[in-house]
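This note sets out points for a colleague who is reading the sequence alongside the model. Please keep both in view while going through the numbered paragraphs.

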Amino acid sequence: PATTALTKLVDNQIEFASILWDNGSNWTAGSSWEFTAPEDGLYEFSAALTVTSATIGAGTYVYAFFKHTDTAASPTTTELARSWSTTQGIATAMFVQNHTIYQMLAGETISYWAYPSVGTPVTSTDQDKSWMTVRRIS
């Protein structure tokens, strides 16, 4: 992703640096990075995030998760596939990976978020270490 300062103890939407492949223009890049389902179906989502900081101490954690927003008149958001990474001692990086399969309707969105316990870590700029993929499986 782009190098982004994450706010401690707050949900932070992950902004990736680029889109490598977007068949159908279903990705929105920038600060509102999200995938929009082009049609009803069952979708598989995978993502990974590397967080770096000089202040990662023992017991520090980062949760990462997907947020699904439906298309109702009053949209609701659901957190999916919450996973976390924690340190046992002093570290300078943490890695977290998520995976889920979810039924979506056309127009619904999925985005990737992180909730760090450490002050102002930054997401890695290494594209091979922070990424998100989507595929429709039925």
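1. The largest pocket has a volume of about 520 Å³. A pocket is defined on a 1 Å grid over the protein atoms alone, as an open set of points where a 1.4 Å probe fits, with protein on both sides within 12 Å along at least five of seven lines. Grid points are joined across faces, edges and corners, and the volume is the space filled by probe spheres set on the points. The lining comprises 24 residues, and those closest to the centre of the pocket are Trp21, Trp27, Met132, Thr133 and Val134; a lining residue has an atom within 4 Å of a point.

2. The model is a predicted one, in which local features need pLDDT of at least 70 and side-chain atom pairs count only at pLDDT 80 or more, while totals for chains, interfaces and linings use all residues. Residues are numbered from 1 along each chain as its sequence is written, and side-chain values use heavy atoms, with hydrogens and water left out.

3. Which strand gives the most to the lining of the largest pocket? Strand β10 (residues 131–136) does, with six residues. By class, the lining has 14 nonpolar, six polar and four charged residues. Here Ala, Val, Leu, Ile, Met, Phe, Trp, Tyr, Cys and Pro count as nonpolar, Asp, Glu, Lys and Arg as charged, and the others, Gly among them, as polar.

4. The protein chain has ten strands and zero helices. Both kinds of element are DSSP runs numbered from the N terminus: helices are H or I runs of at least four residues, and strands are E runs of at least two. Of the 138 residues of the chain, 41% count as buried. Buried means under 20% relative accessible area, exposed over 50%, and partly exposed in between, with a 1.4 Å probe and protein chains only.

5. In the largest nonpolar core there are 26 residues, and those with the most contacts inside it are Ile14, Phe45, Leu49, Phe66, Ile110, Tyr112 and Met132. Such a core is a set of buried Ala, Val, Leu, Ile, Met, Phe, Trp, Tyr and Cys residues joined through side-chain atoms within 4.5 Å. At least two residues of this core come from each of β4, β5 (61–69), β7 (91–104) and β8 (109–116). The largest share, six residues, is supplied by β4. In soluble globular proteins, nonpolar side chains tend to be buried together.

6. Nine aromatic pairs are found in a search of the whole structure. Rings of Phe, Tyr and Trp (its six-membered ring) pair if their centres lie within 6.5 Å; planes under 30 degrees apart count as stacked, over 60 as edge-to-face and the rest as tilted. Trp27 and Trp33 make a tilted pair, 5.9 Å centre to centre with 40 degrees between the planes, and both residues are buried. Phe35 and Phe45 make an edge-to-face pair at 6.1 Å centre to centre, with 70 degrees between the planes. This pair links Phe35 in strand β3 (residues 34–36) with Phe45 in strand β4 (residues 41–56), ten residues apart. Both Phe35 and Phe45 are buried.

7. One aromatic cluster is formed by Trp27, Trp33, Phe35, Tyr43, Phe45, Phe66 and Tyr112. In another ring contact, the charged end of Lys67 sits over the ring of Trp113, 3.8 Å from its centre. The criterion is that NZ of Lys or CZ of Arg is within 6 Å of the ring centre and within 35 degrees of the ring normal.

8. Strand β7 holds Met94 and Tyr102. Is Met94 buried or exposed? Met94 is buried, with a relative accessible area of 3%, whereas Tyr102 is partly exposed at 21%. The C-alpha atoms of Met94 and Val51 are separated by 5.2 Å, although the residues are 43 apart along the chain. For Tyr102 and Tyr43, 59 residues apart along the chain, the C-alpha separation is 5.4 Å.

9. Ile137 lies in the segment after β10 and is partly exposed, with a relative accessible area of 33%. Its C-alpha atom is separated by 7.4 Å from that of Gly41, 96 residues away along the chain.

10. Leu9 is not a glycine, yet has a positive phi of about 60 degrees. Leu9 lies in the segment before β1 (12–13) and counts as partly exposed at 44% relative accessibility. Ser25, also a residue other than glycine, has a positive phi near 55 degrees. Ser25 is in the loop between β1 and β2 (27–28) and is exposed, with a relative accessible area of 64%.
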